[in-house]
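The following briefing accompanies a protein chain and its three-dimensional model. Please consult both while reading the points below.

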Amino acid sequence: MRRFFRKFRFLGLVMLGLSAVIVLLFYNALQPKKTLPVYQPADFNPELVDDAVRYVRKYHTIADFSLVNQNGDTITQEDYRDKIYIADFFFTTCPSICPIMTNNMVTIQEKIFNDDEVLLLSHSVTPEIDSVAQLKKYALENGVIDNKWNLVTGDKKQIYELARKSYLAVKTDGDGGPFDMIHTENFILVDKEKRIRGTYDGTDPEDIENLLNDLKILKASYRNL
C-alpha cells in the first residue's frame with residue numbers, strides 16, 4: 001500500500017510541475033510585448049522644437065544629411081540605411097559634459113561591438129574647429145571604432161538644423177550662424193525608419209542603462225515582425 005501511494009505521490013508531483021510550466025507559458029504568451037513609442041515633435045517640450053515642425057504629430061523622420069567623418073569619408077543617411085543608431089552632439093574641446101558623454105558612448109560601443117544592426121553617430125557642434133584631423137585625433141584618443149561610430153563635421157547650418165528640426169535635441173534659439181552655439185547632453189535612439197524612439201541623458205549612467213534596455217526592446221520588435 002505504501003509503495004502504491006509513493007508511486008502516485010511522485011506522479012502527482014510531476015503533474016504539478018508540468019501544470020506550473022504550462023501556466024507560466026500561457027502567462028508569458030498572454031503578456032503584451034514591450035514596445036517603444038514613436039516620438040513626434042508634438043510630444044516634446046516646445047522649447048526643443050523648431051516652429052517649422054512643432055505641431056507635427058506623425059511621420060516625423062530624421063532629414064537626409066551629408067557630412068564628413070574622422071577618416072575624411074562622406075557620411076550620409078545611406079550609411080545608416082536599415083540600421084538602428086544612437087546620435088549625439090559634442091565638440092572635441094568641450095571641458096564639461098562631452099568627455100562624460102564620450103565615455104558613455106564608448107560603453108555603448110563595447111555593448112554593440114558585435115552587433116551589425118546598431119551604429120553610433122556623433123555630430124560636432126564646432127565644425128570650424130573640429131577638422132577631419134582633429135576628429136581623427138579625438139577618435140584615436142577615445143577608442144572610437146571606425147566601422148561602429150562616425151564622428152562627423154561639416155556645414156554648421158546643416159548640423160544645427162539637424163539638431164533642432166530632426167533630432168529635437170536642443171533649444172530652438174539660433175540660426176547656425178557664427179555666434180550660434182548648442183550644447184546638449186541628449187542621446188537619441190533612432191530606428192531603421194529614421195524615427196526617434198527615445199531620448200536619454202548622455203551624462204547619466206542610469207539613463208544609459210535605460211537606453212541599452214530600450215535598444216533590446218527595439219531590436220526585438222524587428223524580430224517579431
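Is Gln 40 buried or exposed? Gln 40 is buried, because its relative accessible area is 8%, which falls under the 20% cut-off for that class. The model is a predicted one. The chain holds five helices and seven strands, and 43% of its 225 residues count as buried.

**Overall organisation**

- Read from the N terminus, the elements follow the order α-β-β-β-α-β-α-β-α-β-β-α.
- Among the contacts in the chain with a separation of 6 or more, 70% involve residues 24 or more positions apart.

**Surroundings of Gln 40**

- Gln 40 belongs to the loop that connects α1 (2–30) with β1 (66–68).
- When residues up to four places away in sequence are not counted, Gln 40 touches Val 56, Arg 57, Lys 58, Tyr 59 and His 60.
- A polar atom of the Gln 40 side chain lies 3.0 Å from the backbone nitrogen of His 60.

**The five-stranded sheet**

- Five strands form an open sheet with mixed pairing, in the order β5-β4-β3-β6-β7.
- Strands β5 (149–152) and β7 are at the edges and have a single partner strand each, so one side of each is left without a neighbour in the sheet.
- From one strand to the next, the twist averages 20 degrees.
- Strand β3 (residues 84–90) and β6 run antiparallel and are joined by three bridges; Tyr 85 stands opposite Val 190 in β6.
- Strand β6 (residues 186–190) also pairs with β7 (residues 196–201), in the antiparallel sense and over five bridges.
- Leu 189 has Gly 198 of β7 opposite to it.
- The hairpin of β6 and β7 has five residues between the strands, and within this hairpin Lys 194 takes a positive phi near 70 degrees.

**Helices lying across the sheet strands**

- Helix α3 (residues 132–142) lies across β3 and β5, and its direction makes an angle of about 145 degrees with β5.
- Helix α5 (residues 205–223) lies across β3, β4, β6 and β7, with an angle of about 165 degrees to β7.

- Asp 115 is located in the loop between α2 (97–112) and β4 (118–124).
- With a relative accessible area of 17%, Asp 115 counts as buried, because that class covers values under 20%.
- Which residues does Asp 115 contact, leaving aside its neighbours within four places in sequence? These contacts are with Lys 148 and Lys 219.
- Asp 115 and Lys 148 are separated by 33 residues in sequence, while their C-alpha atoms are 9.1 Å apart in space.
- A polar atom of the Asp 115 side chain lies 2.9 Å from the backbone nitrogen of Glu 117.

- A search of the whole structure finds one cavity of 30 Å³ or more, and the largest cavity has a volume of about 30 Å³.
- The lining of the largest cavity consists of Asp 88, Phe 90, Thr 102, Met 105, Ser 122, Tyr 138, Trp 149 and Leu 151.
- Strand β3, helix α2 and strand β5 are the elements that give two or more residues to this lining.

Key: Residues are numbered from 1 along each chain as its sequence is written. This is a predicted model: local features need pLDDT of at least 70, side-chain atom pairs count only at pLDDT 80 or more; totals for chains, interfaces and linings use all residues. Side-chain values use heavy atoms; hydrogens and water are left out. Two strands pair if DSSP finds at least two bridges between them. Helices (H or I, at least four residues) and strands (E, at least two) are DSSP runs, numbered from the N terminus. Buried means under 20% relative accessible area, exposed over 50%, partly exposed in between (1.4 Å probe, protein chains only). Contact means heavy atoms within 4.5 Å. A polar contact is a pair of N or O atoms within 3.5 Å; within protein, one must be able to donate a hydrogen and the other to accept it, and residues adjacent in sequence count only if both atoms are side-chain atoms. Axes are lines fitted to C-alpha atoms, for helices over the stretch in contact, and angles run from 0 to 180 degrees between N-to-C directions. On a 1 Å grid over the protein atoms alone, a cavity is a set of points where a 1.4 Å probe fits but cannot get out, and a pocket is an open set with protein on both sides within 12 Å along at least five of seven lines; lining residues have an atom within 4 Å of a point. Grid points are joined across faces, edges and corners, and a volume is the space filled by probe spheres set on the points.
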